[in-house]
Amino acid sequence: MDTFPKPRVVVSRCLGFEKCRYDGSVISDPTVPLLEPHVEYITVCPEKEIGLGVPRDPVRLVQKNDEKRLFQPATGKDVTEGMQSFIDRFLDGLVEVDGFILKHRSPSCGLSNVKIYYGFEEKVNHFRGKGMFGEAVLRSHGSLPVEDEGRLRNFSIREHFLTRLFTMASFREFKKEPTMKGLVNFHTNNKLLFMAFSQDTMRELGRITANPEKQPIEKVTGSYEVLMRKMLATMPRFTSWINVLQHAFGFISDGLEKEEKELFLNSIEEYRDERIPLSTLIKLLKSYALRFNEEYLLRQTFLKPFPLDLVKITDSGQGRKL
Ligand code: SF4
């Protein structure tokens, strides 16, 4: 049975934890409860933390002169300073975390597509931007997986988020007692996964791991982490996954019957045509690796980037377009 580290995730509290929205409601979202047994959640509701109460009159972002202010139009209250000092306190005091799931379109938590108005009136013009808390999170923790629950309904975005999240958690585990041997192990276990993200960066990470200048472990770990986070931020193209699948297939193909080889290669074509998910191919590959006890493949996180019960085929319908 595969074991996984428990990622630490900061989550908007209204996503299933408390009826803390302005109207006293709670959001029922499929991804947050699915993840709950596998992660350690740190919940936060910035609007409640600054004493706005539940229920409350809604707040909105308003563009005033050159800056964005957070107002409660019904009361005329400007809560920008209160929110800013909560954000500073919260982010400064936060333990090391592996990712964030925030409520989409909220003037506080939203990461994008938040309405920013030119005044208080109902029909006044607006443009779109980031919420106050969401923007601060992106500034301080933007190299981590940070998503809103709306985007996580997309299959590809969700799998990318989960892959990054569990990779970051396992690196945090390694950092508890960092050794050069531990770093070499981490890199070896992640080689095929990283190859899907970027072959060049995977090799560069290998060079850092070799530590030719005999730098102290903390320095090597720091350089490795910065580069790894950067690499993981961009979702691999499906053609990169196909390259890695073909590469991995090379380790076991000699032992397979002709029909089994055909099955795998045809399945790659089905994946290319978006008829089956990547996880189907990974399962097939893993079954071959188990049969031949192919140790190098079996240790690869590529075959188990996150717990299997988190694979849900549900999708927002945007496919690979997002
Ligand atoms: S979106 Fe953020 S501020 Fe608004 S209710 Fe949810 S957790 Fe609270």
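Student: Let's start with strand β6. Which residues point which way, and are they buried or exposed?

Tutor: In strand β6 (residues 99-102), Gly99 and Ile101 point one way, while Phe100 and Leu102 point the other way. All are buried. Keep in mind that this is a predicted model.

Student: Which sheet does β6 sit in?

Tutor: An open sheet of four strands, in the order β2-β1-β6-β9. The pairing is parallel.

Student: And which strands are at the edges?

Tutor: β2 (40-44) and β9. Each pairs on one side only.

Student: By how much are neighbouring strands turned against each other?

Tutor: By 20° on average in this sheet, with direction ignored.

Student: How many bridges between β1 and β6?

Tutor: Three, in the parallel sense, with strand β1 covering residues 8-12. Within that pairing, Val9 has Gly99 of β6 as its bridge partner.

Student: And on the β9 side, how many bridges?

Tutor: Three bridges join β6 to strand β9 (residues 146-148), and the two run parallel. Leu102 is bridged to Asp148 in β9. Ile101 has Glu147 as its partner there.

Student: What does α4 touch on this sheet?

Tutor: α4 packs on the sheet against β6 and β9. Its direction makes about 165° with that of β6.

Student: What about α5?

Tutor: Helix α5 (residues 155-176) also packs on the sheet, touching β1, β6 and β9. Here the angle with the direction of β6 is about 145°.

Student: Back to α4. At what angle does α3 cross α4?

Tutor: Roughly 35°. The axes of α3 (residues 80-92) and α4 (residues 132-141) come within 10 Å. The crossing is right-handed.

Student: Which residues make that contact?

Tutor: From α3, Met83, Ile87 and Leu91. From α4, Met132, Phe133, Ala136 and Ser140. By class, that is six nonpolar, one polar and no charged residues.

Student: New topic. What's the order of strands in the five-strand sheet?

Tutor: β5-β4-β3-β7-β8, in an open sheet with mixed pairing. The edge strands are β5 and β8 (126-129), each pairing on one side only.

Student: How do β3 and β4 pair, parallel or antiparallel?

Tutor: Antiparallel, over five bridges between β3 (residues 60-64) and β4 (residues 67-72). One of the pairs is Leu61 with Leu70 of β4. These strands form a hairpin with two residues between them, and Asn65 takes a positive phi near 50°.

Student: How many bridges from β4 to β5?

Tutor: Two, and those strands run antiparallel, with β5 at residues 77-78. Gln72 is bridged to Lys77 in β5. This hairpin has four residues between its strands, and Gly76 in the turn has a positive phi of about 75°.

Student: In which sense do β3 and β7 pair?

Tutor: Parallel, over two bridges, with β7 at residues 114-117. Val62 has Tyr117 of β7 as its bridge partner.

Student: Last topic, the ligand. Which residues come nearest?

Tutor: Cys14, Cys45, Lys103, Ser106 and Cys109, of the 13 residues around the ligand.

Student: Which element gives the largest share of the shell?

Tutor: Helix α2 (residues 46-49), with three residues.

Conventions. Residues numbered from 1 in each chain as written. Predicted model: local features only at pLDDT ≥ 70, side-chain atom pairs only at ≥ 80, totals over all residues. Axes fitted to C-alpha atoms, helices over the stretch in contact; angles between N-to-C directions. Left-handed = near helix turned anticlockwise from the far one by under 90°. Contact = placed C-beta atoms within 7 Å. Nonpolar A, V, L, I, M, F, W, Y, C, P; charged D, E, K, R; others polar. Near = placed C-beta within 6 Å. Pairing = 2+ DSSP bridges. Buried ≥ 20, exposed ≤ 12 C-beta atoms within 10 Å, placed from the backbone.
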